[in-house]
Amino acid sequence: MARNNAGKQPAISEEAHVAAAAVAATATTAEAYDQNPLRDPRDKRLPRVAGPCVLVLFGVTGDLAKRKLLPAIYDLGNRGLLPPGFSLVGFARRDWAHEDFAQVTYEAVKEHARTPFREEVWKQICEGIHFCPGEFHDDGAFDVLAMMLKEIDETRGTGGNYAFYLSVPPKFFPTVIEQLKRTNLAKAPEGAWRRVVIEKPFGHDLKSAQELNAITSAVFPESSVFRIDHYLGKETVQNILALRFANTLYEPIWNRGYVDHVQITMAEDIGIGSRAGYYDGIGAARDVIQNHLLQLLALVAMEDPTSFDADSLRREKEKVLKAVRLPEDLGTGTARGQYTGGWQGGERVIGYLEEDGIPPESKTDTYAAIKLEVANRRWAGVPFYLRAGKRLSRRVTEVAVVFERAPHLPFSKDDTEILGQNALVIRVQPDEGITVRFGSKVPGTAMEVRDVSMDFAYGESFMESSPEAYERLLLDVLIGDPPLFPHQREVELSWQILDPIEEYWAKHGRPDGYPAGSWGPSSADAMLARDGRVWRRL
């Protein structure tokens, strides 16, 4: 086998053997627990542990792999959620030996891992690290990969269970998938499984999304395709479901009778950095509204599912996406912008058109805002305002459910002049939690009412920090649990919503400029002002 230096890896320490035995015991216990006929399937006291498997990571030299994926693998191992035989294979165009890839992984873990570094855990993971050099069109490299995986099955007991993670530009998807088909790596023997993981974007419009799906579904069944939208792996996003359906406090007022409007915001304070090659021609709407923000809308607006299995969740989200209606006038019901030079955090920054690799005539939106409605009984007449942008005043992602004003206020105008609308705000990042805003009397002899907030913060209420989104999603892939992964129908419905807006923008001039460090173009403020509303000050 080409450059197979597995034999040169350091021997696993006694401490690592102890850690491995503990993990094995956990896995064995979990397996026995699952098979216990007296076990209540709703009992969540034991963690879910992945079975024997190999994760093949295409694109291991990319930023996503180094900052998120490799650290997440270590964090899962550190939490005892990976089996002792778990193996990681990197595939990239580098002349690396196994040790070189192990060193790259080690550096990524040391810099970005969420959990504390433990040498015994690292040594256990390191025992299963392999590297396969090659290019995506190189048949020989994939033949070597197939032989390497067979060897790993024999030496690590992984049983032919493979997950292929395509952390590569979408243009390479067809090539990689075809190679997996040619080498029979996509076809699982009896009793084993094969899965493919696809990072967004899932196409750049409806047609390309359907073409990508045709390529993928010709090789992998839909049940084996995992489309990663990392926002769905965030604890606060999942908490939307718990907040709504585990509490009688909010669900009775979660409808058009009490909700005035909903604002969903994803603001970034950074520019495009080194992503010019990807970002230009894509823009804010395609990059995050089509996936992240429409998924948030679906979770906020969906009816309660019969259970939290994948089919039930997807069915309710699809109903919402099918019911979404665009504004009649896309000129007044949408806004787009492009950041210009300005001040960001006390530092002078350049505009989008001055960024490296951006053509001076680019019309790509770095800010997008759209008004949508959900045409069903629960939400009829309630606008959902979605906005996303780069080089805004600060980094924040939140969902704000803004309630109607009380129909009668037995106060004088002066008593309530600074009283706003009640709101429930779900903070997705950076300080995860929930804020409820309501009116309260100011201490004193006068009946003066002003806004106050009641706050729940994850970091203060729970003793452990929230897992990174990729930890949850990678574990779900290895276990084969799909509820947090969008189905192809959801992807297509999202593009059906966004495509008409993108087509309209393409025919109507350039994006409006907005200075870096601001909250976007004035056209976005005007969009809400026409409805008698304003964006939340974040």
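In which sense, left-handed or right-handed, does H2 pass H14? In this predicted model, local features require a pLDDT of at least 70 and side-chain atom pairs count only at pLDDT 80 or more, whereas totals for chains, interfaces and linings use all residues. Residues are numbered from 1 along each chain as its sequence is written, and side-chain values use heavy atoms, with hydrogens and water left out.

The crossing of H2 with H14 is right-handed, the near helix being turned clockwise from the far one by less than a right angle. Helix H2 spans residues 63-78 and helix H14 residues 469-479, where helices (H or I, at least four residues) and strands (E, at least two) are DSSP runs numbered from the N terminus. Their axes come within 9 Å and cross at roughly 65°; axes are lines fitted to C-alpha atoms, for helices over the stretch in contact, with angles from 0 to 180 degrees between N-to-C directions. That angle makes H2 roughly perpendicular to H14, a term that covers 65 to 115 degrees. On the H2 side, Leu64, Lys68, Leu69, Ala72, Ile73, Asp75 and Leu76 meet Tyr470, Glu471, Leu474 and Leu475 of H14, contact meaning heavy atoms within 4.5 Å. By class, this contact of H2 with H14 has 8 nonpolar, no polar and 3 charged residues (Ala, Val, Leu, Ile, Met, Phe, Trp, Tyr, Cys and Pro are nonpolar, Asp, Glu, Lys and Arg charged, and the others, Gly among them, polar).

The structure holds 4 cavities of 30 Å³ or more, a cavity being a set of points on a 1 Å grid over the protein atoms alone where a 1.4 Å probe fits but cannot get out, with lining residues having an atom within 4 Å of a point. The second largest cavity contains about 60 Å³ of space, the volume being that filled by probe spheres set on the points. Its lining has 6 nonpolar, 3 polar and 1 charged residues, including Phe202, Asn213, Arg227 and Gln488. Helix H7 (206-217), strand E6 (225-228) and helix H15 (488-507) each supply at least two lining residues, and the largest share, 4 residues, comes from H7.

Several backbone features lie in loops. The peptide bond from Lys200 to Pro201 is cis, with omega near 5°, and Pro201 is found between strand E5 (194-199) and H7. A cis peptide bond also joins Gln429 and Pro430, with omega about 0°, Pro430 being in the loop between strands E15 (423-429) and E16 (433-441). Asn184, in the loop between helix H6 (173-182) and E5, has a phi near 65°, a positive value in a residue other than glycine.

Terms used: Angles under 35 degrees count as roughly parallel, over 145 as roughly antiparallel, 65 to 115 as roughly perpendicular and the rest as oblique. On a 1 Å grid over the protein atoms alone, a cavity is a set of points where a 1.4 Å probe fits but cannot get out, and a pocket is an open set with protein on both sides within 12 Å along at least five of seven lines; lining residues have an atom within 4 Å of a point.
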